[in-house]
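Please walk through the structure shown below, taking a helix pair, the paired strands and the ligand surroundings in turn.

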Amino acid sequence: MKPLATFHGGIHPPENKAQSTVLPIAGASLPDELVLPLSQHIGAPARPCVEPGQQVLKGECIATAATAISAPLHAPTSGTISAIEERPVPHPSGGTGLCIVIRPDGEQRWAPRHACAAWQDLPRDQLLAQIRAAGIVGLGGAGFPTAVKAGTRPDRIIDTLIINAAECEPYITADDMLMRERAAAVVSGIEILRHLVQPATILIGIEDNKPEAIAALQAATGNSGIQVVTIPTLYPSGGEKQLIKILTAREVPSGGLPADIGVLCQNVGTAVAIHDAVVEGRPLISRITTVTGASCQQPRNYEVLIGTPVSHLLALAGWDAKRCDRLIIGGPMMGFSVPDAAVPVVKTTNCILAPTREELPPPPPAQACIRCGLCAEACPASLLPQQLYWFARSGEHDKLEAHHLFDCIECGACSYVCPSSIPLVQYYRASKAEIRHKQREREQAERARQRFEARQERMAREAAEREARRQARAAAAAAAQAAKARADAEARPEAPIQPAADPVQAAIERARALRAGQTGDSSAASSTAPSPRQQAEQKVSTLEARLTKARKRHEEAVAGGEKTAAALASVVEKLEQQLAAARAELETTEEQT
Amino acid sequence: MAQQTLSSPHLRGALTTARVMQLVLLATVPGIIALTWHFGIGTLLNLAWACSFAVALEAAMLRLRKRPIGFYLSDCSALVTAVLLAVALPPAAPWWLIAVGMLAAIVFAKHLYGGMGYNPFNPAMVGYVVLLISFPVQMTAWVPPRESGALLGAMEAIQRSLALAPQAQIDAVTMATPLDLLRQNSALLIEDLWQQNPQFGQWGGAGWEWVNLAFLAGGLFLLQRRIFTWHAPVAMLAALGLMAALFYDGGSSASGGSPLFHWLSGATMLGAFFIVTDPVTSAVSTRGKLIYGAAIGVLVYLIRHWGNYPDAVAFAVLLLNFAAPFIDYYTQPRVYGHGATRPAEREKS
Ligand code: SF4
Ligand code: SF4
C-alpha cells in the first residue's frame with residue numbers, strides 16, 4: 001500500500017543512524033545496582049509493595065499500579081531491595097524522584113512466569129489484565145499505559161490499527177534494529193492487538209530509510225493481512241498525529257484522541273513487549289536502547305535492564321566523558337539533556353545520545369526574527385511559529401491560544417530551520433506552562449470564591465438560627481416568669497414572711513409590682529425608675545440588635561469587596577465585647593436581686 | 001559528573017540570518033554588473049556611499065539603543081538595505097541625496113520602529129519614497145545608457161556624486177527613462193517612440209532589459225537556494241503581466257506598453273525578487289504571499305500607467321506593507337486537527 005497523504009511541512013535533518021546499526025543488538029551487562037523510578041509512565045506513580053532488605057526474584061512485582069492509569073514495576077533481575085529513596089531521574093525538569101533500588105545477586109533467578117501460548121482462547125479482559133500486569137507502557141516515548149490505550153470503550157469503533165515504526169528522529173535506531181532482529185515477535189504482538197481491538201485494517205508505518213527492517217517485516221507479515229507501508233523519510237513522520245495523517249488521510253481533532261477517528265496507534269517496541277508478556281510471560285523488565293554520539297567509541301543498540309544507570313551503558317559503549325558536550329535522553333530533536341549520567345534507563349528511554357561539541361554545537365545567540373516564514377513552512381501542525389513567538393514574547397496568552405499554541409507538538413522543526421536561531425520551542429513550552437499555571441490559579445480562585453460564598457451562606461443561616469433560638473428562649477423565659485409569678489401569687493397566703501434580702505421575697509415584690517402594673521395600679525411600679533435588671537436587659541437587647549445589624553453590614557461589605565469591611569469588622573468585635581460585658585452585668589444583677 | 005543541560009532541539013539547520021543576507025547581497029551582483037555596464041560607474045559610487053552611510057548609521061543607532069554593535073552589524077541587514085536603495089537611485093546620485101535616503105531608511109524606517117524584524121515598512125523603499133517626494137529633480141535625473149552613445153564618463157560621474165557638477169551639466173546628460181517617455185508620449189504610435197528614442201532597446205528599454213534580466217537571474221538563484229518561496233514574486237509578475245495585457249491595445253499612443261515591456265522595465269525584477277520577498281514586511285502565509293504579491297503587481301501597473309511618478313514599485317510595496325498585517329489576519333492556515341477531519345468508517349467489516 002502507498003501512503004495516502006502527506007502532512008504539512010517537515011524537515012530533513014541529517015539522519016546519523018548508520019553508526020549505530022553496524023553491530024547487532026547486544027545484551028548489556030548487569031550493573032552494580034538497578035534504580036527503578038516509581039514514575040516511568042503517564043499517570044499515577046506505582047506504589048511499592050516491597051521493603052528495603054527484601055529478596056526479590058527476576059520478574060517479581062515490586063510496585064503495583066496505583067490507579068486505573070498507572071503501571072506496575074517488576075524486578076529486572078533477582079537480588080535485594082537496598083533502598084526506596086529519592087534519586088536523580090531522567091526527566092526534562094532534571095530533578096529527583098522516588099526510586100526502588102535493587103542490588104542484583106547475579107543469579108538471575110526467575111519468579112514463576114505465566115506464559116500463555118494459547119492467548120487466542122483468553123477472554124479480552126483477561127488478556128488486557130495480563131498486559132496491564134506486565135507493566136507495559138508505550139515504548140515510543142510517551143509511556144502511556146498500553147492496557148488503557150488498547151482497552152478502548154466498546155462504543156468506540158477502532159477500524160484501523162497503526163503500528164508506528166517510523167522512527168523519524170535522527171540517531172535513534174532502537175526500533176530499526178528490533179524489527180530487523182525480532183520481526184516475528186513484532187507480528188505476534190500485532191496479532192494479539194488485533195485480537196483485542198478487532199480492527200479492519202492494520203498498517204505498519206515505516207520510513208524508507210530502513211530497508212532491512214522493511215524486508216524483515218514483509219517476510220514476517222506474509223499474507224497475514226498486516227500491511228507494511230513504506231513512507232518517505234521526513235521528520236516528524238513518526239509523530240502520532242502526522243503518521244495517522246500519512247496513513248489514513250484523517251486528522252486527529254484538536255484536543256481529541258486517535259480513537260475519536262477510529263484509529264489506535266502503537267509503537268513497534270510496544271508490540272514486542274506485548275508478545276513477550278503474553279506469549280512468554282515476561283513482564284517489561286528490559287528494552288532496546290540506542291547508545292550513540294561521537295563521544296562513544298562504538299555506538300550500538302543494547303538490550304538493557306530497566307533501571308540500569310546510563311553511565312554503565314555509556315561505559316559499555318566506550319564513552320569518553322571529556323569529549324562529550326552534553327547527555328541527551330532521546331533524540332536530538334525532542335530529547336532532553338540531563339545533568340547527571342547516574343540517571344537510570346527507564347521504560348521510555350529509546351536513546352542515549354552523547355555528542356561532542358562539534359557534532360551538536362550549542363546554539364549561537366538568537367537574533368531578531370526576520371519573519372522569513374521558514375518556520376511556518378516547516379511546522380507539521382501548520383501553525384505560524386513566528387506569530388506564536390511574537391505573542392509568547394509579549395505574553396499575549398489569549399492570542400497564543402487563538403493561534404492554537406496547544407496544537408504544537410514541540411517537534412522542534414521550527415527551531416531547526418530558524419536562521420536567527422531563536423529557541424522557539426523553549427518559548428512555547430514556557431508559555432504553555434504559564435497558561436496552564438494561570439488556568440490552575442483561575443480554578444483555585446473559582447473554588448475559593450465558591451467556598452467563600454458557601455461560608456457566607458452558612459454564617460447567615462447560623463445567625464438566623466441563633467436569632468430564632470434567642471427569640472424562642474426569650475419567649476420561654478417570659479412564659480416561665482409568668483408561670484412562676486402565677487404560682488407565687490397562688491402560694492402567697494401560705495408563704496412565710498421573708499427578709500427583704502431574700503430572693504423569694506424579692507420575687508414576690510416583683511410579681512406584685514408586675515401585677516399592680518397589669519391591673520393598672522401604677523403606684524407600685526410605673527412611678528418607680530426601671531430596675532437595674534431591666535436596664536441591663538434593655539442594654540443587652542439593644543446591643544444584640546446593633547450587633548446583628550453590624551454583622552449584616554460587615555458581610556455585605558465583604559461580599560461586595562468594599563473598603564469599609566475592615567472597619568465594620570472592628571465594630572462587630574467591639575459590639576461583641578460590649579454585649580458580653582452587658583450579659584455579664586445582667587447575670588450579676590440577677591444574682592443580686 | 002555534571003553535564004550541561006540545554007533545551008531541545010539540539011540540532012539546527014545550517015541557514016543563519018547573516019547567511020540569508022549574504023546570499024541576498026550575492027544575488028544582487030549580476031544586477032549591479034548590468035547597471036554598471038549600461039549606465040556607467042555611477043551605480044558603484046552610489047553603492048559605496050550607501051554602504052558607508054548604512055554601516056555608520058546602523059552602528060550609531062545600535063550604540064544609542066545600547067545594543068551590541070558587532071553582533072547586530074554582523075547580520076548584514078543594513079548592507080542589504082543600502083544596496084537595494086543604491087541600485088534604485090539614479091546612478092551617480094549626489095552623496096547628500098544618498099545620505100538623506102539612508103537616514104530615512106536606517107534611522108526612521110528601521111531603528112525607530114524597534115530595529116531589525118520590527119519594521120513594518122521596507123526601509124529601502126521608505127528611503128526611496130522620501131527622496132522622491134523631497135527631491136524630485138535629482139531623483140528623476142537618470143543617466144543615459146551606453147546604447148544612446150552618451151554614457152557618463154568616470155570623471156563626470158565622480159563630480160556628480162560629490163555634488164560638484166553644475167546643474168547645467170547634469171541636465172545635459174540626463175535622459176528620460178523609457179517608462180517616463182511612455183507616460184509622457186501622447187501623439188505617436190509606440191513603435192515611433194521606439195525609433196525616435198535611443199533609450200529603447202528591444203523589449204524594455206536599452207540597458208533596462210538587461211538590468212532586469214540580471215536581477216531576475218539573481219532572484220532565481222535565491223529561489224533555488226530556498227531563501228524565499230516563489231509565491232510573492234510570481235504573483236506580482238503575473239498580476240503585472242495580466243494588467244499590461246488587459247490594457248495593451250497593440251501599440252497605439254494611449255497604450256500602456258506590453259507585458260514584456262513592463263516586466264523588463266524599471267525596477268520590476270528588482271522589486272519582484274528583492275523587495276516583494278523581503279520577509280520582514282511582507283505577508284506570512286502562502287496564501288497571504290500570493291495576495292500580497294498580486295496586489296503589488298496590480299498597483300505597480302496602475303501607478304505606472306495613471307500615476308505621476310517615474311516608477312511605481314516603491315509606492316506599491318509600501319502600500320502593501322501597510323496591508324500585510326491584515327492579509328495575515330485573514331489568511332491564517334488551517335491548523336492540523338481543526339475542521340475538515342474525516343471520521344472513522346462507522347461500519348465494521
Ligand atoms: S524561522 Fe525564525 S526568523 Fe524566520 S520567521 Fe520563523 S522565527 Fe522568524
Ligand atoms: S515545535 Fe510546534 S510550532 Fe514548532 S514546528 Fe513543531 S509543532 Fe510547529
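In this predicted model, helix α17(B), residues 286-306, and helix α18(B), residues 313-330, pack at an angle of about 150°, with their axes 9 Å apart. Since angles over 145 degrees count as roughly antiparallel, α17(B) and α18(B) are therefore roughly antiparallel to each other. In this arrangement α17(B) passes α18(B) in a right-handed crossing. The contributions of α17(B) to the contact include B:Ile291, B:Tyr292, B:Ala295, B:Leu299 and B:Ile303, while among those of α18(B) are B:Phe315, B:Leu319, B:Leu320, B:Ala324 and B:Ile327. Sorted by class, the residues of this contact comprise 16 nonpolar, two polar and two charged.

Turning to the strands of chain A, an open sheet is formed by three strands in the order β3-β5-β6, and the pairing is antiparallel. The edges of this sheet are β3(A), residues 47-48, and β6(A), residues 73-74, each of which pairs on one side only. Strand β5(A), residues 61-64, pairs with β6(A) in the antiparallel sense over two bridges, and A:Cys61 has A:His74 in β6(A) as its bridge partner. Strands of a sheet pair through backbone hydrogen bonds, and they may do so in a parallel or an antiparallel way.

Further strand pairing in chain A involves β7(A), residues 79-88, which runs antiparallel to strand β4(A), residues 55-56, and is joined to β4(A) by two bridges. Here A:Gln55 stands opposite A:Thr80 in β7(A). Strand β7(A) is also joined to β8(A), residues 96-104, by nine bridges, and these two strands again run antiparallel; within this pairing, A:Ile84 stands opposite A:Ile100 in β8(A).

The ligand surroundings remain to be described. Around ligand 1 lie A:Cys369, A:Ile370, A:Arg371, A:Cys372, A:Gly373, A:Cys375, A:Gln386, A:Cys418, A:Pro419, A:Ser420 and A:Leu424, a shell that divides by class into seven nonpolar, three polar and one charged residues. Ligand 2 has 13 residues around it, of which A:Cys379, A:Cys408, A:Cys411, A:Gly412 and A:Cys414 come nearest. Two helices of chain A, α12 (413-417) and α13 (424-491), each supply at least two residues of the shell around ligand 2, and by class that shell has eleven nonpolar, one polar and one charged residues.

How values were computed
Residues numbered from 1 in each chain as written. Chains lettered and ligands numbered in written order. Predicted model: local features only at pLDDT ≥ 70, side-chain atom pairs only at ≥ 80, totals over all residues. Heavy atoms only, no water. Near = heavy atom within 4 Å. Nonpolar A, V, L, I, M, F, W, Y, C, P; charged D, E, K, R; others polar. Pairing = 2+ DSSP bridges. Helix = DSSP H or I, 4+ residues; strand = E, 2+ residues; numbered from the N terminus. Axes fitted to C-alpha atoms, helices over the stretch in contact; angles between N-to-C directions. Parallel < 35°, antiparallel > 145°, perpendicular 65-115°, else oblique. Left-handed = near helix turned anticlockwise from the far one by under 90°. Contact = heavy atoms within 4.5 Å.
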